[in-house]
Structure formats: structure tokens, C-alpha cells
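Please look over the sequence and the structure shown below.

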Amino acid sequence: MQFIQAHPYMNHDLVKEVKEFMSDAAEKGIFVENLNFDQYYNQPDTNERAEIALRNKLLDLKDMVKQMEDSQSE
């Protein structure tokens, strides 16, 4: 959440989707408080790059949830 707060000009719909997904993931037992964006900070800090990083992290989270759901259904 600190990353989102540090980049207030990111796409509002993307930020909303990430926040909702993080909440859903937590309800499923995937706690995301320790998500980091270390790789992001290896280059200049821009809103465009922040949105890309956030989209990538959302894809990672979706993969984690899918893997957990798949392993529970086996």
C-alpha cells in the first residue's frame, strides 16, 4: 500500500482493482503485506513505470491465488 500511496497519479481503475484483489487474496489466506517493489526502484521513479510495476504485481498475485486454488482442488 505504501507503493500506491507514493504514486498518487497512477490509473485509478488499476489501483482500485489491485486493492480489491489484495483484499480478496487476504480472505483466501494469501497475505500480501510484504509485497515489495525492489526491482522497480532500480530505474527512475515515474508514474508510468509505477503502473507497469503494479500491473505486473497484480499478475503475480493472480497467479499465486490460482496456484493455491489449484492445489486445494487436488
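## Surface and overall form

The protein chain exposes about 5,500 Å², of which carbon and sulfur atoms supply 46%; such accessible areas come from the Shrake-Rupley method with a 1.4 Å probe, and for residues only the protein chains shown count as cover. The model is a predicted one, in which local features need pLDDT of at least 70 and side-chain atom pairs count only at pLDDT 80 or more, while totals for chains, interfaces and linings use all residues. Residues are numbered from 1 along each chain as its sequence is written, and side-chain values use heavy atoms, with hydrogens and water left out.

The chain has three helices and zero strands, helices being DSSP runs of H or I with at least four residues and strands runs of E with at least two, numbered from the N terminus. Along its principal axes, the C-alpha trace spans about 45 × 25 × 15 Å. Of the 74 residues, 31% are buried, a term for under 20% relative accessible area with a 1.4 Å probe, counting protein chains only.

## The largest pocket

The largest pocket holds about 330 Å³ of space. A pocket here is an open set of points on a 1 Å grid over the protein atoms alone, where a 1.4 Å probe fits, with protein on both sides within 12 Å along at least five of seven lines, and lining residues have an atom within 4 Å of a point. Grid points are joined across faces, edges and corners, and the volume is the space filled by probe spheres set on the points.

Of its 19 lining residues, Met 1, Gln 2, Glu 33, Leu 35 and Phe 37 are the closest to the centre. Helix 1 (2-6), helix 2 (12-27) and helix 3 (47-73) each give two or more residues to this lining, and helix 3 gives the most, with four. The lining divides into 14 nonpolar, two polar and three charged residues, where Ala, Val, Leu, Ile, Met, Phe, Trp, Tyr, Cys and Pro count as nonpolar, Asp, Glu, Lys and Arg as charged, and the others, Gly among them, as polar.

## His 7

His 7 is placed in the loop between helix 1 and helix 2, and it counts as buried because its relative accessibility is 3%. A polar atom of the His 7 side chain lies 2.8 Å from the backbone oxygen of Phe 3.

Leaving aside neighbours within four places in sequence, His 7 is in contact (heavy atoms within 4.5 Å) with Tyr 40, Tyr 41, Asp 45, Thr 46, Asn 47 and Ala 50.

Notes: Buried < 20%, exposed > 50% of the residue type's maximum accessible area, 1.4 Å probe, protein only. Polar contact = N/O pair within 3.5 Å; in protein donor to acceptor, adjacent residues only side chain to side chain.
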